[in-house]
Every structure is written in structure tokens, then in C-alpha cells.
Amino acid sequence: MEIFLENILNLVGFIVGMVIGIISYIGFRNTGSPTLFRLTLAFFSIGAGFFIMWFGQTLDIVVYQTGHVERWVQTLGIAVQTVGYFFIAFSHTIKSFFPKSNYLRSVGMVPLFLISFISIENIIRSISFILLAYGAIETLMSYFASRRKTAILVACGLWALAFGEFLGWYYFVFPQSILNVVSISMKISGLIMLFVPVTKVPLTKIKFDENI
Amino acid sequence: MQIIGDILLTTRDNTPDEQGASITYLIRKANISHGRISKILNNLVAQGLLEQSNSSGACKYKISHVGREFLQAYNTFNKFADGYGLTI
């Protein structure tokens, strides 16, 4: 049951990510805006991350039938999604995310070679949570400035995704609980809320780039 | 990006006469320096977004057809980005 629900989440995530990514890319091609370029990278990464997890699960359901997805596939999918969350947060002007010193950068890479995939997944989930929470706060601040209703929906969507990540992370502590189902449901509702601004774009009025 | 949007919007909706808007008028509307607006206007003319004409010894700027299309796309995607709490 859980694997099917997770499969639906990943498919929804893939579709939502790709649609928002394509709209952002059309916007970037038409206006040359760097913000839209970052949004394109963000949502393509999020879509690709969900696709990797969906593909891994579908392969397991249809071919291998082991009932669980390979840990490295899960970790890779979450890592690619985190890149997307980073670009969302970066669009809200994170000025210096990585340490400037080369020494700190090299030391920062060391744990990746010393710890297991489960630990890496935990670390990535916590990074995702921080980035999503940051994006949600900044979007909420933008709502107070612009009073645009879609901004508050996006902020709620990012909060739902952040809370979903948090619960998914907590699920490692209580593996037999319903936390995973709640986490997946939160993420699906978060993705749907992120999709709302796309429904406001009058697609018929957009001059599509001929190369797309 | 916002300055470009403001300049195009002014040349579309707020031109003082048929020939277009003068550089002084655009400086007042966009609230930027002469040096900066000159570079932007040259760029916009080169890109085909604005049409330049000489009227009684002064340069005047009018929005072109491509400029109107760009402005429409700019407004659409500005609202889209605004939905995510961002400005383009």
C-alpha cells in the first residue's frame, strides 16, 4: 500500500515539477530573466528527482518485486530534489551558501565518503527541510509585501513539503508508524499548492518560442 | 529587468505625443541617471524592442511590435514569478 502511495507521489511530483519547469523555461526564453532561469533549474531538478524515485519504484513493482526500493536510488532521487530546493532558496537570494575557503570545502566533502547511504539520506532530508523552510519564510514575506494570494499558497506548499520531509526523516526513528503515509500525503498536497501559480498563466496569450 | 519593463510600459502607455517619448521624459519616469538610461535605450533599440526617431533635433523613442510582445510576456511572467514570491 505504502509503496503504491509513494509511487503516486513521485509521479505527481515528476509531472508538477516538469510542467512548472517548462513554463519557467518558456518565461526565461521570452524574457531572459535570471530568476526564471533559476526557477527552471529548480523545478526541472525537483521533477528529475521525483522521476528517479518513481522509476526505481516502478522497476521494483513490475520487475524485481522485492517490496522495497534500492537505498541508493532513494538517496540519488532525494539528492537531485535537494538541488531543486536549493535553487528555490537561492532565488530568494542566499548570498553565501558554500564556505569560501577551499580547506572547508574539501573537509565538507569528507563525511560523504565515510558514512552509509541511510546517513546521507538523513543529511540530505535535513538540508531539504532547511531550504524549504527558508523558501517558505521568504515567500511568506513576499506575500506581506505584494498581498498576492498565490504567494501565500506557494508558501503553504513549501511548508507542506518541508513538513513532509521532516516527517519522512522522523520515519527512520519509528519505521512501523503511519508517519510515512502522512509525509507522502503532505508532500502531494504541497506540490498541488505549488502548481497554483501555473494555473494563473494565460497560456493562450504566451508567444511560445519556436525552438521549444 | 524591472527598469526595462518600466521603460517599455512608458513608451507604450504614457508617451506625451505621437512621435514617442524623449530621453528626458523617460529619465523622469524610470528615475535613473542619463548615462545608465542611454545604454539601456541603445540596447533596446538594437534588440528591436524600441524604435528611435529624430524629431526637431531630439531623439524620441516608441515601442515596436516586438517590444509590445516582449512587454506582454514580461507582464505574464512577472505575475508568475510573483506567485512564487520572486521578481523577474
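Author: Happy to! Let's take chain B, whose elements run α-β-α-α-β-β-α from the N terminus on. That makes four helices and three strands, where helices (H or I, at least four residues) and strands (E, at least two) are DSSP runs numbered from the N terminus. Please keep in mind that this is a predicted model, in which local features need pLDDT of at least 70 and side-chain atom pairs count only at pLDDT 80 or more, while totals for chains, interfaces and linings use all residues. Residues are numbered from 1 along each chain as its sequence is written, chains are lettered from A, and ligands are numbered from 1, in the order in which they are written.

How confident is the predictor? The mean pLDDT (confidence in each residue, from 0 to 100) of chain B is 84, and 98% of its residues reach 70 or more. For the complex, the predictor gives an ipTM of 0.76 and a pTM of 0.73.

Now for overall shape. The C-alpha atoms of chain B fill a box of roughly 45 × 25 × 25 Å along the principal axes. With 88 residues, a compact globule would have a radius of gyration near 12 Å, and the 13 Å of chain B agrees with that; the radius is taken over C-alpha atoms, and the rule is 2.2 Å times the number of residues to the power 0.38.

Inside chain B, 35% of the 88 residues count as buried. A residue is buried if 20 or more other C-beta atoms lie within 10 Å of its own, exposed if 12 or fewer, and partly exposed in between, with C-beta atoms placed from the backbone. Of the contacts in chain B (C-beta atoms, placed from the backbone, within 7 Å) with a separation of 6 or more, 48% join residues 24 or more positions apart.

Finally, the partner: 17 residues of chain B are in contact with 26 residues of chain A. On the chain A side, α1, α2 (34-64), α5 (117-146) and α6 each give two or more residues, and α5(A) gives the most, with five. By class, that side has eleven nonpolar, ten polar and five charged residues; Ala, Val, Leu, Ile, Met, Phe, Trp, Tyr, Cys and Pro count as nonpolar, Asp, Glu, Lys and Arg as charged, and the others, Gly among them, as polar. One helix of chain B, α4 (65-83), also packs against the buried residues of α7(A), together with α1 (2-31) and α6 (149-170) of chain A.

Notes. Two residues are in contact if their C-beta atoms, placed from the backbone, lie within 7 Å. pLDDT is the predictor's confidence in each residue, from 0 to 100.
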